[in-house]
Amino acid sequence: MFYRCKILNVNFPSSMSLGTFVKHLPFSKPKTSLPPQRLNFKSLTTTTTCVTRSSSYFETLNSRQKDQIHLYVDALLQWNQMNLTAVNEVNEVMERHIEDSLAIIPPIQNSFISSCNNSFDNLRIVDVGSGAGLPGLVLAVACPGWEVTLVESMNKRCLFLEHAVSLIGLSNVQVVRERAEKLGQDSNFRERFDVAVARAVAEMKVLAEYCLPLVRVGGLFVAAKGHNPQDEVKSAERATKLMGASVLQLCSVESHSPHGQRTAIICLKNRPTPRKYPRDPGTPTKEPL
C-alpha cells in the first residue's frame, strides 16, 4: 500500500505557458539532431548534445514563480534540521539546487519534441527519490502545465514536501510516500508517466530499475548526473535494455557543481518493462543488474 499525502489545492493567477518559458531560456540548440539510438560506448568520449547556460534560468521565471521559489528556499532552510540538504545558505541553494533543477528543462523539451512527437506543455512527470523536492517541485513551479508526482519513501521528507507544496500554493503536485520498487508494480503508477526524473539518488543501473517501469512506452527517463558519467552509462547499458529502454543522448548543462557542469542522461522507453521488474524493495541496490 502506498501513502498519498493530502495536498491543499490553491488557485493562483495563471503563469506564462511552458512554451513561452522555454523559448526564453538561455540555451543554445544543438547543431545536429540525433535520431533515437543506442550510444556507441567505444567512441563515447564527449556528450552527444550540449546545452550551454550563459545566464540564470531563474531570471526567466515570472514574478509569481520567483516568489514561489523564494518561499520554497526559505522553507527548505527552516526545515533543514532534517538534513534535507547539505547546503545551508540561500545563495548556495539557488545556485546549486534551483539552477541545476531548472537546467534540465531544455534537455527534456528538446528530447521530447524530437523523439516523442508530442507537445511538452502538459506532461506527467514523476520525480523518483524526490528528497527535498529537487528537481520535481522546482519543475512544477516553472512548468505549471505539468502534473508532477514526487515519490519519496521517508516520512519526514514527505511531511516537508507536503508543507512546501501547501505553502507555495501548487495545485499540480502530488506527494506519494512509497518505495519506487512498489510503485513500479502498482497499476495506478506503472507506465503512467511521460517522463521520470531522478537527481542524486543512486547509480544509473539502479535508477533504471527504479524509474523506467513508471515510464510509458515512448516516454523518457532523465537522470541528472555529474560532469563525466560515461563509465556509469556504460555500466548501466544492460539494466537499461532490460527495462525496455535505450540511451538516447547525453546533454551537458553548465552548473555550479565543483566541476562546473552536470550531465542529463536521456533514455527513451522503446517497449514495455517485463512484469518481473522492478524487483522487491532493496534488491536493485543489493543486486544491481
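Cysteine 251 sits in strand 8 (residues 245-254). Strands here are DSSP runs of E with at least two residues, helices are runs of H or I with at least four, and both are numbered from the N terminus. The relative accessible area of cysteine 251 is 2%, so the residue is buried. Buried means under 20% relative accessible area, exposed means over 50%, and partly exposed lies in between (1.4 Å probe, protein chains only). Proline 107 is 144 residues from cysteine 251 in sequence, yet their C-alpha atoms are 6.6 Å apart in space.

This is a predicted model: local features need pLDDT of at least 70, side-chain atom pairs count only at pLDDT 80 or more, and totals for chains, interfaces and linings use all residues. Residues are numbered from 1 along each chain as its sequence is written, and side-chain values use heavy atoms, with hydrogens and water left out.

**Aromatic residues**

The whole structure holds three aromatic pairs. Rings of Phe, Tyr and Trp (its six-membered ring) pair if their centres lie within 6.5 Å; planes under 30 degrees apart are stacked, over 60 edge-to-face, and the rest tilted. One of the pairs joins tyrosine 72 and phenylalanine 160; it is tilted, at 6.2 Å centre to centre and 45° between the planes. Tyrosine 72 belongs to helix 2 and phenylalanine 160 to helix 6 (residues 155-168), so the pair ties together parts 88 residues apart in sequence. Tyr72, Trp79 and Phe160 form one aromatic cluster.

**Nonpolar cores**

A nonpolar core is a set of buried Ala, Val, Leu, Ile, Met, Phe, Trp, Tyr and Cys residues joined through side-chain atoms within 4.5 Å. The largest has 55 residues. Ile69, Tyr72, Ile98, Leu102, Leu137, Phe160 and Val195 have the most contacts inside it. A second, separate core has 32 residues, including Val126, Leu183, Ala196 and Leu250. Neighbours within four places in sequence aside, isoleucine 98 is in contact (heavy atoms within 4.5 Å) with Ile69, Tyr72, Val73, Val93 and Val138.

**Buried sites**

| Residue | Relative accessible area |
|---|---|
| Threonine 60 | 14% |
| Tyrosine 72 | 1% |
| Phenylalanine 160 | 0% |

Threonine 60 lies in the loop between strand 2 (49-51) and helix 2 (63-78). A polar atom of the threonine 60 side chain is 2.6 Å from the backbone oxygen of tyrosine 57.

Helix 8 (residues 204-211) is largely enclosed by the rest of the structure, because eight of its eight residues are buried. Among them are Lys205, Glu209 and Tyr210.

Note on methods: Polar contact = N/O pair within 3.5 Å; in protein donor to acceptor, adjacent residues only side chain to side chain.
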